[in-house]
Amino acid sequence: MKNLRMIINPLDKKSHINKEIYGNFSEHLGRCIYNGIYVGENSSIPNTDGIRNDIIEAFKNIKLPVLRWPGGCFADEYHWKDGIGDKATRKKMVNTHWGGVTEDNSFGTHEFFRLCELVGCEPYIAGNLGSGTVQELSEWVEYMTFDGVSPMAELRRKNGQEKAWKLKYLGIGNENWGCGGNMNAEYYSNEYRRYATYCRNFGGELFKVACGPNSDDYDWTESIMKNIGSNLMNAISLHYYTVPTGNWNSKGKALTFSDDEYYDTIEKTRFMEELVTRHSEIMSRYDKEHKVGLIVDEWGCWYDVEDGTNPGFLFQQNTMRDAIVAAVNLDIFNRHSDRVIMANIAQAVNVLQAVILTEGEKLVLTPTYHVFDLYKEHQDNTLVYSYCTEEKIDGRSLPAVSQSVSIDENGNLHITLSNCSLSESYEIRCSINDFEMLSASARILSGAPHDHNNFDNSDNVTIKPYSVKTEKDNIIIELPPCSVVAVSVTSK
C-alpha cells in the first residue's frame, strides 16, 4: 500500500457547487421513457399517474435536482402539441433517430411536469429549433408558464392543468451542429437570437441555454460567445461522451474489457478536464463576470449495445468502471463549479450510462447510481481548497486518485475520493487546516472493474459503511483498488 498526503483548507472557499451539477437526462430513446420511467396508468407495476413509484423513490433518494427532456436528437423533431390532450387521439410519429419505432406521444408535457413534481426536481425543457418554428416554441413557453388569459393558457386549462407550471431552464435547440440541423455556428447564432426573443418571461425569467460545442469544437464556442453574448443567453451546453476505443463504429463492450481498455476509458473521460478548462477560457474572454454558465447536459460512457438488443435503443450494462467514470467527472464539475453550473448524465433509465435499469417489474440501481448517492452531499455546498499528492498509474500519465471537497452551511466537510488503480491501494493522510473535528464517517463503493448489478443479483455492487481513522486534525483514509469513498466530517 502506498502513502499519499492530502491537504484541505476550509477557509479557502472557492465556488458554489450548484445542485444541478447532479442532474439527469431523459430522452424518448429506447426504454428510457416507455417501459422505463413511464408504464401507463393501467400497468400492474405500482405507479402514480403512469410513472413508476420505485423510480420516483430512487430519484428522490439521490436528491435528483433537475431532469432534461425530451431530448437529445429527439427534441429537434418533437412537436409538443402532439403530446397533449386525450391520449387516445394524440398523433403518432416515427422516432427516426432511435430505432424507427412508433412514438405514440402518451408521455408529453403534462406527464413530464407531473414526474418532476413527484420527484421534486426542476424541469429542463429542450426546445425544437431544428425542425420547429419560432411560433411553436413561443406557444409552448406560453402553454407551460402563462397564468393569464391567452389561447395557450386556455388550452392548458382545457387539458386539465389550471395553474401554470414553474419552468426555469429552457434549451433552445440541441446539437444543432449535427442532428439538430447540421448548422454552422454563425447560422445557429442568428436562429438562436430569433427564437430566444420570442420565448417570453411569463412566469418568471427563463434561464435560456444555447447549443454549445460538440466536444473540442472550440471555434463553435468562440462564435457563440461572440455572436450571441450574455444579454440573450444564460448558458451554453457542452456534449462529450467517453468512448473507450475512440472509434464510434466499434466503441467497445460494457462488460467485456481488458485492463488496458479499462485504463483507456478513464483516460478518455479525464479529457473532460481539458474540455471544461479550454471552453471556460474562451467564454471568459467574452464574459469575465461569468454571467454565462457552462452546462454539460450530455456526458457519460457510450459503448456498443448489448448483444441481442435493438441497436437504436442504446442499452448497455453498467459496471464499477462506469462508477469510476462518474466519480471522476463529478469531481471535475465540482472543481470547475465557478463556470459549470449544471450537468446531466446520459441517460436516466435503460440508455447509455444509466443510473437505473428496468425489466418488467424489476428495477436495478447501477454502480453509477450509487456514485450519485455518495456525492449528493456536495449539492449546494461551497467548494474548498484541496490538494492530493499525484500518483500516476504505472506506464501511463493517468492520475490514480480523483478528489473534491466541499463545506456545507453548518460547517461540515464532505470529501469524495476515487481510486482508478486496479492493483494499488492508497493510504491517504488528510490534514485539515483550521478545523475543529468532532467526528468522521464514511461510505464506500468498491469491487472488481467488471462487477455490476443485474436483474438476478441487484445488490452485487452497493454502498457499504466504511471506517476511517482520525488523529487530531488528520483523517486517514484507505482507498482500495477500483473504489469510491465519501467521507463526512463534522465540526465541533
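Predicted model: local features only at pLDDT ≥ 70, side-chain atom pairs only at ≥ 80, totals over all residues.
User: Okay, helices. How do α8 and α9 cross?
Analyst: The axes of helix α8 (residues 320-335) and helix α9 (residues 367-375) come within 8 Å and cross at roughly 35°. Here axes are lines fitted to C-alpha atoms, for helices over the stretch in contact, and angles run from 0 to 180 degrees between N-to-C directions. Helices (H or I, at least four residues) and strands (E, at least two) are DSSP runs, numbered from the N terminus.

User: And what is the handedness of that crossing?
Analyst: The crossing of α8 and α9 is right-handed, a term used if the near helix is turned clockwise from the far one by less than a right angle, with anticlockwise giving left-handed.

User: Which residues meet there?
Analyst: From α8 there are Met-320, Asp-322, Ala-323, Ala-326, Ala-327, Leu-330, Asp-331 and Asn-334, and they meet Pro-367, Thr-368, Val-371, Phe-372 and Tyr-375 of α9, where contact means heavy atoms within 4.5 Å. Sorted by kind, the residues of this contact are nine nonpolar, two polar and two charged. In that sorting Ala, Val, Leu, Ile, Met, Phe, Trp, Tyr, Cys and Pro count as nonpolar, Asp, Glu, Lys and Arg as charged, and the others, Gly among them, as polar.

User: Switching to α5, what span should it have?
Analyst: Helix α5 (residues 185-197) has 13 residues and should span 18 Å at 1.5 Å a residue, which agrees with its end C-alpha atoms being 18 Å apart. The expected span is 1.5 Å times one less than the number of residues.

User: Which of its residues are buried, and what do they pack against?
Analyst: The buried residues of α5 are Ala-185, Tyr-188, Ser-189, Glu-191, Tyr-192, Tyr-195 and Ala-196, and they pack against α3 (134-145), β9 (169-172), β10 (207-210) and α6 (218-227). Buried means under 20% relative accessible area, exposed over 50%, and partly exposed in between, computed with a 1.4 Å probe on protein chains only.

User: What about the buried residues of α6?
Analyst: In α6 the buried residues are Tyr-218, Trp-220, Thr-221, Ser-223, Ile-224 and Met-225, and their packing partners are α5, β10, β11 (235-242) and α7 (259-286). After α6 comes Gly-229, whose phi is positive, near 80°.

User: Which other residues have a positive phi without being glycine?
Analyst: Among them are Glu-175, with a positive phi of about 40°, and Cys-482, with a positive phi of about 50°. Most residues other than glycine have a negative phi, and most peptide bonds are trans. Glu-175 sits in the loop between β9 and α5 and counts as buried at 11% relative accessibility. Cys-482 is in the loop between β23 (474-479) and β24 (483-491), and it is buried with a relative accessible area of 2%.

User: Where are there cis peptide bonds?
Analyst: One runs from Trp-69 to Pro-70, with omega near 5°, and another joins Gly-71 and Gly-72, with omega about 10°. Pro-70 is placed in the loop between β5 (66-69) and β6 (93-94), and Gly-72 lies in the loop between β5 and β6.

User: Now Glu-111: buried or exposed?
Analyst: Glu-111, in helix α2 (residues 109-119), is buried, with a relative accessible area of 8%. Its side chain makes a polar contact with the side chain of Lys-87 at 3.5 Å. A polar contact is a pair of N or O atoms within 3.5 Å; within protein, one must be able to donate a hydrogen and the other to accept it, and residues adjacent in sequence count only if both atoms are side-chain atoms. Leaving aside neighbours within four places in sequence, Glu-111 is in contact with Tyr-38, Ile-51, Gly-83, Lys-87, Arg-90 and Ser-106.

User: And what does Val-119 touch?
Analyst: Not counting residues up to four places away in sequence, Val-119 touches Ile-56, Phe-59, Lys-60 and Leu-64. Val-119 also lies in α2 and is buried, with a relative accessible area of 9%.

Notes
Residues numbered from 1 in each chain as written. Heavy atoms only, no water.
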